[in-house]
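Hello,

The structure we spoke about is pasted below, with its sequence. My notes follow it.

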Amino acid sequence: MVSGVAAFAQNKPYTTTGKKVTVYNTVKETNQRITPANGTLSFTEKKQPLETEVSVFVDPTHTFQSVMGFGGAITDASAEVFAKLPKDRQKQFLEAYYDKEKGIGYNLARTTIHSCDFASESYTYVKEGDKELKSFDISHDKKYRIPLIKKAIEAAGGELTLYASPWSPPAFMKSNGSMLKGGKLLPEFYQSWATYYTKFIAAYEKEGIPVWGITIQNEPMATQKWESCIYTGEEERDFLKNYLGPTMHKAGYADKKIIAWDHNRDMLFQRAATVLNDPEAAKYLWGIGYHWYETWNGGSQMFNNLKLAHETFPNTNLIFTEGCKEQFKLENVYDWKLGELYGHNLINDFNSGTTAWTDWNILLDETGGPNHVMNLCFAPIHANTKTGELMFTNEYYYIGHFSKFVQKGAKRIACSTSRSALESTAFLNPDGKTVVIVMNRGEEKVNYFVWINGQAVEVESASHSIQTLVF
(Lines give C-alpha, C1' and ligand atoms only; values in the text may rest on other atoms or scores of the structure.)
Protein backbone atom coordinates (compact mmCIF):
# COMPACT_ATOMS: atom_id res chain seq x y z
CA MET A 1 0.00 0.00 0.00
CA VAL A 2 2.86 2.37 0.74
CA SER A 3 5.36 2.62 -2.10
CA GLY A 4 9.09 2.35 -1.60
CA VAL A 5 8.83 -0.05 1.35
CA ALA A 6 11.91 -2.14 2.04
CA ALA A 7 11.61 -5.75 0.98
CA PHE A 8 10.88 -8.33 3.67
CA ALA A 9 12.21 -11.85 3.55
CA GLN A 10 8.76 -13.36 4.00
CA ASN A 11 9.87 -16.77 2.76
CA LYS A 12 12.25 -17.20 5.70
CA PRO A 13 10.77 -18.74 8.86
CA TYR A 14 10.72 -16.44 11.87
CA THR A 15 12.79 -17.57 14.82
CA THR A 16 13.38 -16.17 18.29
CA THR A 17 16.65 -18.08 18.61
CA GLY A 18 19.41 -15.80 19.84
CA LYS A 19 17.13 -12.78 20.12
CA LYS A 20 17.53 -10.59 23.20
CA VAL A 21 14.54 -8.49 24.29
CA THR A 22 15.12 -4.91 25.41
CA VAL A 23 12.17 -3.39 27.30
CA TYR A 24 11.60 0.39 27.37
CA ASN A 25 9.21 1.70 30.04
CA THR A 26 7.18 4.83 30.75
CA VAL A 27 5.48 4.53 34.12
CA LYS A 28 3.24 6.84 36.14
CA GLU A 29 4.67 8.23 39.40
CA THR A 30 8.22 7.19 38.48
CA ASN A 31 11.08 8.79 36.56
CA GLN A 32 10.84 6.18 33.81
CA ARG A 33 10.27 7.89 30.45
CA ILE A 34 11.05 5.57 27.52
CA THR A 35 13.68 4.19 29.89
CA PRO A 36 15.43 0.89 29.03
CA ALA A 37 15.12 -1.75 31.75
CA ASN A 38 18.30 -3.13 33.24
CA GLY A 39 19.50 -6.11 31.21
CA THR A 40 17.73 -7.99 28.46
CA LEU A 41 15.33 -10.92 28.37
CA SER A 42 15.74 -14.22 26.53
CA PHE A 43 13.08 -16.48 25.04
CA THR A 44 12.60 -19.92 26.55
CA GLU A 45 10.41 -22.82 25.51
CA LYS A 46 6.72 -22.55 26.40
CA LYS A 47 4.50 -24.82 24.36
CA GLN A 48 0.85 -24.20 25.30
CA PRO A 49 -0.01 -21.02 27.25
CA LEU A 50 -2.58 -21.50 30.00
CA GLU A 51 -5.85 -19.62 30.36
CA THR A 52 -4.82 -18.74 33.91
CA GLU A 53 -1.82 -16.84 32.53
CA VAL A 54 -1.81 -13.47 30.79
CA SER A 55 -0.30 -13.58 27.33
CA VAL A 56 0.47 -11.30 24.42
CA PHE A 57 0.50 -13.54 21.34
CA VAL A 58 2.66 -12.37 18.43
CA ASP A 59 2.95 -13.98 14.99
CA PRO A 60 5.50 -12.18 12.77
CA THR A 61 4.77 -14.51 9.82
CA HIS A 62 1.45 -12.73 9.23
CA THR A 63 1.90 -9.14 8.13
CA PHE A 64 -0.56 -6.37 7.36
CA GLN A 65 -0.28 -2.72 6.30
CA SER A 66 3.00 -0.85 5.97
CA VAL A 67 3.86 2.07 8.24
CA MET A 68 4.70 5.40 6.64
CA GLY A 69 5.54 7.30 9.80
CA PHE A 70 4.64 9.50 12.74
CA GLY A 71 4.59 13.24 13.26
CA GLY A 72 2.73 16.36 14.29
CA ALA A 73 1.37 19.58 12.81
CA ILE A 74 3.58 22.62 12.32
CA THR A 75 0.97 25.35 12.66
CA ASP A 76 1.35 29.12 12.86
CA ALA A 77 0.75 28.79 16.61
CA SER A 78 3.58 26.29 17.02
CA ALA A 79 5.92 28.43 14.94
CA GLU A 80 5.06 31.63 16.84
CA VAL A 81 5.77 29.95 20.18
CA PHE A 82 8.99 28.38 18.88
CA ALA A 83 10.26 31.81 17.78
CA LYS A 84 9.92 33.06 21.39
CA LEU A 85 12.15 30.33 22.81
CA PRO A 86 15.82 30.87 23.68
CA LYS A 87 18.20 29.30 21.12
CA ASP A 88 19.22 26.46 23.44
CA ARG A 89 15.56 25.56 24.05
CA GLN A 90 14.87 25.68 20.31
CA LYS A 91 17.67 23.16 19.79
CA GLN A 92 16.36 20.97 22.61
CA PHE A 93 12.85 21.10 21.13
CA LEU A 94 13.96 20.14 17.60
CA GLU A 95 16.07 17.26 18.87
CA ALA A 96 13.24 16.06 21.11
CA TYR A 97 10.90 15.58 18.16
CA TYR A 98 13.05 14.90 15.11
CA ASP A 99 16.29 13.27 16.28
CA LYS A 100 15.97 9.47 16.24
CA GLU A 101 18.61 8.95 18.93
CA LYS A 102 18.13 11.95 21.26
CA GLY A 103 14.40 12.28 20.59
CA ILE A 104 11.42 10.34 19.23
CA GLY A 105 12.19 10.46 15.53
CA TYR A 106 9.27 12.22 13.85
CA ASN A 107 9.40 11.87 10.06
CA LEU A 108 5.97 13.26 9.17
CA ALA A 109 4.38 16.73 9.39
CA ARG A 110 1.11 18.43 8.59
CA THR A 111 0.74 22.15 7.96
CA THR A 112 -2.06 24.50 6.97
CA ILE A 113 -2.95 26.24 3.71
CA HIS A 114 -3.22 29.80 5.05
CA SER A 115 -4.84 30.21 8.48
CA CYS A 116 -6.64 27.92 10.87
CA ASP A 117 -7.75 28.58 14.46
CA PHE A 118 -4.21 27.96 15.74
CA ALA A 119 -2.80 31.27 14.54
CA SER A 120 -2.82 34.78 15.96
CA GLU A 121 -5.00 36.00 13.10
CA SER A 122 -7.17 34.86 10.22
CA TYR A 123 -5.59 35.43 6.79
CA THR A 124 -5.31 34.19 3.20
CA TYR A 125 -2.65 34.36 0.47
CA VAL A 126 -4.69 36.53 -1.93
CA LYS A 127 -6.41 39.88 -1.87
CA GLU A 128 -10.18 39.88 -1.38
CA GLY A 129 -11.99 39.24 -4.67
CA ASP A 130 -8.93 38.05 -6.62
CA LYS A 131 -10.50 35.16 -8.50
CA GLU A 132 -7.51 34.92 -10.85
CA LEU A 133 -5.15 34.56 -7.85
CA LYS A 134 -2.75 37.12 -9.32
CA SER A 135 -1.96 38.45 -5.83
CA PHE A 136 -1.06 35.01 -4.44
CA ASP A 137 1.73 35.50 -1.88
CA ILE A 138 2.92 33.37 1.06
CA SER A 139 4.95 36.17 2.68
CA HIS A 140 2.93 35.73 5.89
CA ASP A 141 4.37 32.22 6.36
CA LYS A 142 7.97 33.36 5.86
CA LYS A 143 8.08 35.06 9.26
CA TYR A 144 7.52 32.05 11.53
CA ARG A 145 6.13 28.93 9.90
CA ILE A 146 8.49 28.37 6.98
CA PRO A 147 11.64 28.90 9.10
CA LEU A 148 10.40 26.30 11.62
CA ILE A 149 9.53 23.79 8.88
CA LYS A 150 13.03 24.20 7.44
CA LYS A 151 14.61 23.66 10.86
CA ALA A 152 12.43 20.57 11.38
CA ILE A 153 13.52 19.14 8.03
CA GLU A 154 17.14 19.69 8.95
CA ALA A 155 16.67 18.15 12.41
CA ALA A 156 14.98 15.12 10.84
CA GLY A 157 18.08 14.45 8.75
CA GLY A 158 17.05 16.35 5.64
CA GLU A 159 13.79 14.54 4.92
CA LEU A 160 10.35 15.22 6.38
CA THR A 161 7.16 14.06 4.69
CA LEU A 162 4.96 17.17 4.68
CA TYR A 163 1.31 17.49 3.73
CA ALA A 164 -0.99 20.49 3.91
CA SER A 165 -4.67 21.06 4.75
CA PRO A 166 -7.01 24.02 4.14
CA TRP A 167 -9.53 25.06 6.80
CA SER A 168 -11.45 27.43 4.52
CA PRO A 169 -11.30 29.07 1.10
CA PRO A 170 -11.02 32.90 1.12
CA ALA A 171 -14.22 34.64 2.24
CA PHE A 172 -15.17 35.90 -1.25
CA MET A 173 -15.30 32.31 -2.54
CA LYS A 174 -17.87 31.20 0.04
CA SER A 175 -21.63 31.24 0.44
CA ASN A 176 -21.51 32.97 3.85
CA GLY A 177 -18.91 35.59 2.83
CA SER A 178 -16.66 34.60 5.74
CA MET A 179 -13.75 32.24 6.33
CA LEU A 180 -15.31 31.42 9.70
CA LYS A 181 -18.47 29.60 10.75
CA GLY A 182 -18.89 27.10 7.93
CA GLY A 183 -20.46 28.13 4.66
CA LYS A 184 -19.79 26.44 1.32
CA LEU A 185 -17.46 26.93 -1.61
CA LEU A 186 -19.47 28.66 -4.34
CA PRO A 187 -19.55 26.70 -7.63
CA GLU A 188 -18.17 29.64 -9.62
CA PHE A 189 -14.96 29.43 -7.55
CA TYR A 190 -14.36 25.67 -7.79
CA GLN A 191 -11.61 26.15 -10.36
CA SER A 192 -9.99 29.08 -8.57
CA TRP A 193 -9.89 27.11 -5.34
CA ALA A 194 -8.45 24.02 -7.05
CA THR A 195 -5.70 26.18 -8.55
CA TYR A 196 -5.02 27.67 -5.10
CA TYR A 197 -3.66 24.29 -3.89
CA THR A 198 -1.22 24.10 -6.80
CA LYS A 199 -0.03 27.65 -6.16
CA PHE A 200 0.57 26.75 -2.51
CA ILE A 201 2.65 23.72 -3.48
CA ALA A 202 4.64 25.73 -6.02
CA ALA A 203 5.30 28.54 -3.54
CA TYR A 204 6.45 26.21 -0.75
CA GLU A 205 8.65 24.18 -3.06
CA LYS A 206 10.21 27.41 -4.34
CA GLU A 207 11.20 27.98 -0.69
CA GLY A 208 12.91 24.59 -0.65
CA ILE A 209 10.12 22.75 1.18
CA PRO A 210 8.88 19.63 -0.65
CA VAL A 211 5.13 19.03 -0.32
CA TRP A 212 4.21 15.33 -0.32
CA GLY A 213 0.45 15.78 -0.43
CA ILE A 214 -2.71 17.67 0.48
CA THR A 215 -6.04 17.01 2.13
CA ILE A 216 -9.14 18.37 0.41
CA GLN A 217 -10.73 20.05 3.43
CA ASN A 218 -10.24 19.97 7.18
CA GLU A 219 -13.42 18.74 8.93
CA PRO A 220 -15.84 19.19 6.02
CA MET A 221 -18.96 18.47 8.11
CA ALA A 222 -18.27 20.84 11.04
CA THR A 223 -19.47 24.45 11.22
CA GLN A 224 -16.87 25.92 13.57
CA LYS A 225 -16.46 29.42 14.98
CA TRP A 226 -13.04 29.36 13.32
CA GLU A 227 -12.08 28.75 9.68
CA SER A 228 -14.34 26.04 8.29
CA CYS A 229 -16.16 25.00 5.11
CA ILE A 230 -18.84 22.37 4.52
CA TYR A 231 -18.82 19.71 1.80
CA THR A 232 -21.31 16.87 1.51
CA GLY A 233 -19.82 13.57 0.38
CA GLU A 234 -21.07 14.21 -3.15
CA GLU A 235 -19.64 17.74 -3.18
CA GLU A 236 -16.22 16.58 -2.02
CA ARG A 237 -16.28 13.71 -4.53
CA ASP A 238 -17.23 16.00 -7.42
CA PHE A 239 -14.76 18.72 -6.47
CA LEU A 240 -12.02 16.08 -6.43
CA LYS A 241 -12.85 14.40 -9.73
CA ASN A 242 -13.89 17.46 -11.74
CA TYR A 243 -11.54 20.13 -10.42
CA LEU A 244 -8.85 19.32 -7.86
CA GLY A 245 -7.61 16.04 -9.32
CA PRO A 246 -7.40 17.24 -12.94
CA THR A 247 -5.90 20.58 -11.87
CA MET A 248 -3.17 18.87 -9.85
CA HIS A 249 -2.33 16.64 -12.81
CA LYS A 250 -2.32 19.52 -15.28
CA ALA A 251 0.04 21.48 -13.00
CA GLY A 252 2.50 18.58 -13.00
CA TYR A 253 1.57 17.35 -9.52
CA ALA A 254 0.18 13.92 -10.36
CA ASP A 255 2.67 12.47 -7.89
CA LYS A 256 1.30 14.51 -4.98
CA LYS A 257 -1.01 12.54 -2.70
CA ILE A 258 -4.61 13.65 -2.18
CA ILE A 259 -6.46 12.75 1.03
CA ALA A 260 -10.23 12.99 1.52
CA TRP A 261 -12.47 13.38 4.61
CA ASP A 262 -9.92 14.65 7.19
CA HIS A 263 -12.62 14.46 9.87
CA ASN A 264 -13.83 12.13 12.62
CA ARG A 265 -14.22 8.35 12.59
CA ASP A 266 -18.00 8.54 13.15
CA MET A 267 -18.89 9.29 9.51
CA LEU A 268 -15.66 8.04 7.94
CA PHE A 269 -17.13 5.00 6.21
CA GLN A 270 -19.96 6.93 4.56
CA ARG A 271 -17.53 9.54 3.21
CA ALA A 272 -15.00 6.93 2.09
CA ALA A 273 -17.68 4.94 0.27
CA THR A 274 -19.14 8.02 -1.42
CA VAL A 275 -15.78 9.03 -2.87
CA LEU A 276 -14.19 5.63 -3.50
CA ASN A 277 -17.22 3.97 -5.09
CA ASP A 278 -16.82 6.49 -7.93
CA PRO A 279 -13.88 5.27 -10.07
CA GLU A 280 -13.34 8.73 -11.60
CA ALA A 281 -12.88 10.25 -8.15
CA ALA A 282 -11.08 7.27 -6.63
CA LYS A 283 -8.29 7.36 -9.23
CA TYR A 284 -7.05 10.66 -7.76
CA LEU A 285 -7.20 9.59 -4.11
CA TRP A 286 -4.26 8.26 -2.07
CA GLY A 287 -6.10 7.91 1.20
CA ILE A 288 -8.72 8.77 3.79
CA GLY A 289 -7.69 11.06 6.66
CA TYR A 290 -9.42 11.08 10.00
CA HIS A 291 -9.53 12.72 13.47
CA TRP A 292 -10.53 11.37 16.89
CA TYR A 293 -13.09 13.96 18.07
CA GLU A 294 -16.18 11.78 17.54
CA THR A 295 -16.36 11.71 21.34
CA TRP A 296 -17.93 15.22 21.23
CA ASN A 297 -21.35 13.57 21.59
CA GLY A 298 -20.45 11.68 24.76
CA GLY A 299 -19.51 8.38 23.12
CA SER A 300 -16.17 6.65 22.77
CA GLN A 301 -13.68 6.29 19.91
CA MET A 302 -15.16 4.34 16.98
CA PHE A 303 -12.31 2.18 15.72
CA ASN A 304 -14.66 -0.31 14.04
CA ASN A 305 -15.59 2.30 11.45
CA LEU A 306 -11.91 2.62 10.60
CA LYS A 307 -11.51 -1.15 10.38
CA LEU A 308 -14.55 -1.45 8.10
CA ALA A 309 -13.17 1.17 5.73
CA HIS A 310 -9.84 -0.67 5.65
CA GLU A 311 -11.53 -4.00 4.94
CA THR A 312 -13.84 -2.52 2.29
CA PHE A 313 -11.20 -0.45 0.50
CA PRO A 314 -7.93 -2.30 1.24
CA ASN A 315 -5.99 -0.46 -1.47
CA THR A 316 -6.73 2.97 0.01
CA ASN A 317 -4.46 4.23 2.79
CA LEU A 318 -5.75 5.39 6.17
CA ILE A 319 -3.94 8.29 7.82
CA PHE A 320 -4.65 9.84 11.20
CA THR A 321 -4.42 13.55 10.42
CA GLU A 322 -5.30 15.20 13.75
CA GLY A 323 -6.00 14.66 17.42
CA CYS A 324 -5.48 16.52 20.68
CA LYS A 325 -7.01 16.92 24.13
CA GLU A 326 -9.17 20.02 24.11
CA GLN A 327 -9.99 22.61 26.82
CA PHE A 328 -6.47 23.34 28.04
CA LYS A 329 -5.78 23.91 31.73
CA LEU A 330 -2.20 24.49 32.83
CA GLU A 331 -2.74 22.62 36.09
CA ASN A 332 -3.52 19.46 34.05
CA VAL A 333 -0.44 19.60 31.83
CA TYR A 334 1.06 16.51 33.51
CA ASP A 335 -2.21 14.57 33.84
CA TRP A 336 -1.36 10.92 33.10
CA LYS A 337 -4.63 10.37 31.25
CA LEU A 338 -3.33 12.58 28.42
CA GLY A 339 -0.74 9.99 27.45
CA GLU A 340 -3.12 7.08 27.91
CA LEU A 341 -5.55 8.73 25.50
CA TYR A 342 -2.77 8.73 22.91
CA GLY A 343 -1.66 5.17 23.62
CA HIS A 344 -5.21 3.83 23.34
CA ASN A 345 -5.76 5.57 20.01
CA LEU A 346 -2.39 4.67 18.51
CA ILE A 347 -2.74 0.98 19.34
CA ASN A 348 -6.30 0.70 18.06
CA ASP A 349 -5.71 2.85 14.98
CA PHE A 350 -2.83 0.69 13.79
CA ASN A 351 -4.68 -2.50 14.63
CA SER A 352 -7.53 -1.16 12.46
CA GLY A 353 -5.33 -0.61 9.39
CA THR A 354 -3.80 2.87 9.74
CA THR A 355 -0.56 3.51 7.86
CA ALA A 356 0.49 6.94 9.21
CA TRP A 357 -0.26 8.96 12.34
CA THR A 358 -0.07 12.75 12.76
CA ASP A 359 -0.66 14.53 16.05
CA TRP A 360 -2.01 18.11 16.12
CA ASN A 361 0.18 21.10 17.24
CA ILE A 362 3.79 20.13 18.00
CA LEU A 363 4.10 23.07 20.40
CA LEU A 364 1.78 25.47 22.24
CA ASP A 365 2.34 28.06 24.96
CA GLU A 366 1.37 28.13 28.64
CA THR A 367 -2.21 29.14 27.72
CA GLY A 368 -2.78 26.33 25.19
CA GLY A 369 -2.46 28.78 22.30
CA PRO A 370 -2.07 31.13 20.56
CA ASN A 371 -5.49 30.69 18.98
CA HIS A 372 -7.42 33.60 17.47
CA VAL A 373 -10.80 32.24 18.64
CA MET A 374 -9.53 30.94 22.02
CA ASN A 375 -10.01 27.27 21.13
CA LEU A 376 -7.21 26.33 23.53
CA CYS A 377 -5.80 22.78 23.59
CA PHE A 378 -3.05 20.52 24.88
CA ALA A 379 0.08 19.59 22.91
CA PRO A 380 2.82 17.03 23.67
CA ILE A 381 5.18 19.91 24.47
CA HIS A 382 4.21 23.28 25.95
CA ALA A 383 6.48 26.26 26.40
CA ASN A 384 6.31 28.80 29.16
CA THR A 385 7.04 31.85 27.05
CA LYS A 386 7.79 33.90 30.18
CA THR A 387 10.59 31.62 31.40
CA GLY A 388 11.57 29.73 28.24
CA GLU A 389 10.88 26.43 30.01
CA LEU A 390 9.70 23.43 27.97
CA MET A 391 7.03 21.23 29.55
CA PHE A 392 6.99 17.66 28.23
CA THR A 393 3.59 16.10 28.80
CA ASN A 394 3.29 12.32 28.94
CA GLU A 395 1.61 12.53 25.52
CA TYR A 396 5.11 13.07 24.14
CA TYR A 397 6.44 9.88 25.72
CA TYR A 398 3.45 7.74 24.77
CA ILE A 399 3.81 8.79 21.11
CA GLY A 400 7.54 8.16 21.41
CA HIS A 401 6.95 4.51 22.31
CA PHE A 402 5.80 4.17 18.70
CA SER A 403 7.66 6.79 16.67
CA LYS A 404 11.10 6.12 18.15
CA PHE A 405 11.05 2.39 17.48
CA VAL A 406 8.70 1.64 14.55
CA GLN A 407 10.66 2.38 11.39
CA LYS A 408 9.35 3.78 8.12
CA GLY A 409 8.41 0.77 6.02
CA ALA A 410 7.65 -1.47 9.01
CA LYS A 411 4.82 -3.98 8.64
CA ARG A 412 2.21 -4.44 11.31
CA ILE A 413 2.15 -8.08 12.40
CA ALA A 414 -0.43 -10.27 14.11
CA CYS A 415 -0.71 -9.51 17.82
CA SER A 416 -3.39 -10.16 20.44
CA THR A 417 -3.78 -10.19 24.22
CA SER A 418 -5.50 -12.79 26.41
CA ARG A 419 -6.70 -10.15 28.89
CA SER A 420 -8.49 -6.84 28.37
CA ALA A 421 -6.24 -5.32 31.06
CA LEU A 422 -3.56 -4.99 28.38
CA GLU A 423 -3.68 -3.35 24.95
CA SER A 424 -1.04 -4.19 22.37
CA THR A 425 0.15 -3.96 18.79
CA ALA A 426 3.31 -5.17 17.04
CA PHE A 427 5.48 -4.46 14.00
CA LEU A 428 8.32 -5.98 12.00
CA ASN A 429 10.89 -3.37 11.00
CA PRO A 430 12.80 -3.39 7.68
CA ASP A 431 16.00 -4.07 9.67
CA GLY A 432 14.48 -7.34 10.92
CA LYS A 433 13.78 -6.16 14.48
CA THR A 434 10.40 -6.93 16.03
CA VAL A 435 8.65 -4.20 18.03
CA VAL A 436 5.85 -5.02 20.48
CA ILE A 437 4.02 -2.24 22.33
CA VAL A 438 2.00 -3.05 25.45
CA MET A 439 -0.09 -0.60 27.48
CA ASN A 440 -1.66 -1.05 30.92
CA ARG A 441 -4.24 1.60 31.87
CA GLY A 442 -5.29 -0.26 35.01
CA GLU A 443 -4.55 0.21 38.71
CA GLU A 444 -2.79 -3.15 39.07
CA LYS A 445 0.48 -4.43 37.67
CA VAL A 446 0.19 -7.33 35.23
CA ASN A 447 2.78 -10.06 34.64
CA TYR A 448 2.45 -11.46 31.13
CA PHE A 449 4.20 -13.64 28.58
CA VAL A 450 5.10 -12.50 25.08
CA TRP A 451 4.52 -15.76 23.23
CA ILE A 452 5.83 -16.54 19.73
CA ASN A 453 5.54 -20.03 18.25
CA GLY A 454 6.25 -22.01 21.41
CA GLN A 455 8.80 -19.56 22.82
CA ALA A 456 8.11 -16.87 25.43
CA VAL A 457 9.55 -14.19 27.67
CA GLU A 458 7.90 -13.05 30.89
CA VAL A 459 7.47 -9.30 31.40
CA GLU A 460 5.99 -7.14 34.14
CA SER A 461 3.64 -4.31 33.12
CA ALA A 462 3.35 -1.71 35.86
CA SER A 463 0.02 -0.01 36.50
CA HIS A 464 -0.55 3.03 34.27
CA SER A 465 2.37 2.26 32.00
CA ILE A 466 3.35 1.74 28.40
CA GLN A 467 6.30 -0.32 27.25
CA THR A 468 8.02 -1.11 23.98
CA LEU A 469 9.81 -4.43 23.54
CA VAL A 470 12.47 -4.60 20.83
CA PHE A 471 14.13 -7.85 19.71
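Ala 272, Leu 276, Ile 288, Ala 309, His 310, Phe 313, Thr 316 and Leu 318 line the largest cavity. A cavity here is a set of points, on a 1 Å grid over the protein atoms alone, where a 1.4 Å probe fits but cannot get out; lining residues have an atom within 4 Å of a point. This is a predicted model, in which local features need pLDDT of at least 70 and side-chain atom pairs count only at pLDDT 80 or more, while totals for chains, interfaces and linings use all residues. Residues are numbered from 1 along each chain as its sequence is written, and side-chain values use heavy atoms, with hydrogens and water left out.

The largest cavity holds about 40 Å³ of space, the volume being the space filled by probe spheres set on the points, which are joined across faces, edges and corners. There is one cavity of 30 Å³ or more in the structure. Its lining has six nonpolar residues, two polar and no charged. At least two lining residues come from each of helix H6 (268–276) and helix H8 (303–312).

As for the whole chain, there are ten helices and 22 strands (DSSP runs numbered from the N terminus: H or I of at least four residues for helices, E of at least two for strands). Of the 471 residues, 60% are buried, meaning under 20% relative accessible area with a 1.4 Å probe, protein chains only. The C-alpha atoms fill a box of roughly 70 × 55 × 40 Å along the principal axes.

Regards

Terms used:
1 Å grid on protein atoms, 1.4 Å probe; cavity = no way out; pocket = protein on both sides within 12 Å on 5 of 7 lines; lining within 4 Å. Nonpolar A, V, L, I, M, F, W, Y, C, P; charged D, E, K, R; others polar. Buried < 20%, exposed > 50% of the residue type's maximum accessible area, 1.4 Å probe, protein only.
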